[in-house]
Amino acid sequence: MKKLIQEFKEFIMRGNVLDLAVGVVVGGAFAAITSSLVSNIITPLLAFIFQSPNTDALNITLRAATEDSEAIVLGLGTFVGAIINFLVIALVIFIVVKAFNSAKKLAEAKLIKQKKEEEEAAAAEEPAGPTTEELLTQILEELKKRN
């Protein structure tokens, strides 16, 4: 039982699991914000444009309600609201991912530049040794002396 608890603890403490949990919480909060944006700002603007008190006026009643049955309604206003909600979420996620990728590229470029500068500095500090041709000449002279 202790081993199972220890394995579970290790699983939970992994970085990717914690990141996922944070993402789910932030995503839930973000969904509430975008839903509020759509229902409290965008939907009333659409209702104003279509000269109706709300987007329910965009709904189409196929069959009116009777004592025996409920009304059948195409909820176009609700559907439009869901589409707008999706588009707002997708746009914000796109902007966040684009900003993250740009920041990542800048960081990578800075790292590459720093590495290059370090290599150049190291190359400048190292004394220039004999060239390959000079080494071969020295070896040839040494071999001639031995013969």
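Is Arg-146 buried or exposed, and at what relative accessibility?

A: Arg-146 counts as exposed, because its relative accessibility is 67%, over the 50% cut-off. This is a predicted model.

Start with the partner of Arg-146. The side chain of Arg-146 meets that of Glu-142 in a salt bridge, at 3.9 Å from N to O. The cut-off for such a contact is 4 Å. A search of the whole structure finds one salt bridge. Glu-142 counts as partly exposed, because its relative accessibility is 38%.

Now the spacing. Both residues belong to helix 4, which covers residues 132–146. Glu-142 and Arg-146 are four residues apart there, so about one helical turn separates them. An α-helix has 3.6 residues a turn, so residues three or four places apart point the same way.

Next, charge elsewhere on the surface. Glu-117, Glu-118, Glu-119 and Glu-120 gather in a patch of negative charge. Glu-120 lies in helix 3, residues 76–125. Glu-120 counts as partly exposed, because its relative accessibility is 47%. Patch members must have over 30% relative accessible area and no salt bridge.

Helix 3 itself has 50 residues. From first C-alpha to last, helix 3 reaches 73 Å, close to the 74 Å expected at 1.5 Å a residue. Its buried residues are Gly-77, Gly-81, Ile-84, Asn-85 and Val-88. Buried here means under 20% relative accessible area.

Phe-8, Phe-11, Ile-12, Met-13 and Leu-18 make a nonpolar surface patch of about 480 Å². Helix 1, residues 2–13, gives the most to this patch, with four residues. Phe-11 is in helix 1. Phe-11 counts as partly exposed, because its relative accessibility is 40%. Of the twelve residues of helix 1, the number buried is zero, so helix 1 lies largely in the open. Its length fits expectation too: at 1.5 Å a residue, helix 1 should span 16 Å, and its end C-alpha atoms are 16 Å apart.

Back to the part you asked about.

Key:
Residues numbered from 1 in each chain as written. Predicted model: local features only at pLDDT ≥ 70, side-chain atom pairs only at ≥ 80, totals over all residues. Heavy atoms only, no water. Patch = residues over 30% accessible without salt bridge, like charges linked within 9 Å, V, L, I, M, F, W, Y side chains within 5 Å. Areas by Shrake-Rupley, 256 points an atom, 1.4 Å probe, with all protein chains shown as cover. Lys, Arg positive; Asp, Glu negative; His and termini not counted. Charge placed at Lys NZ, Arg CZ, Asp CG, Glu CD. Helix = DSSP H or I, 4+ residues; strand = E, 2+ residues; numbered from the N terminus. Buried < 20%, exposed > 50% of the residue type's maximum accessible area, 1.4 Å probe, protein only. Expected span 1.5 Å × (residues − 1).
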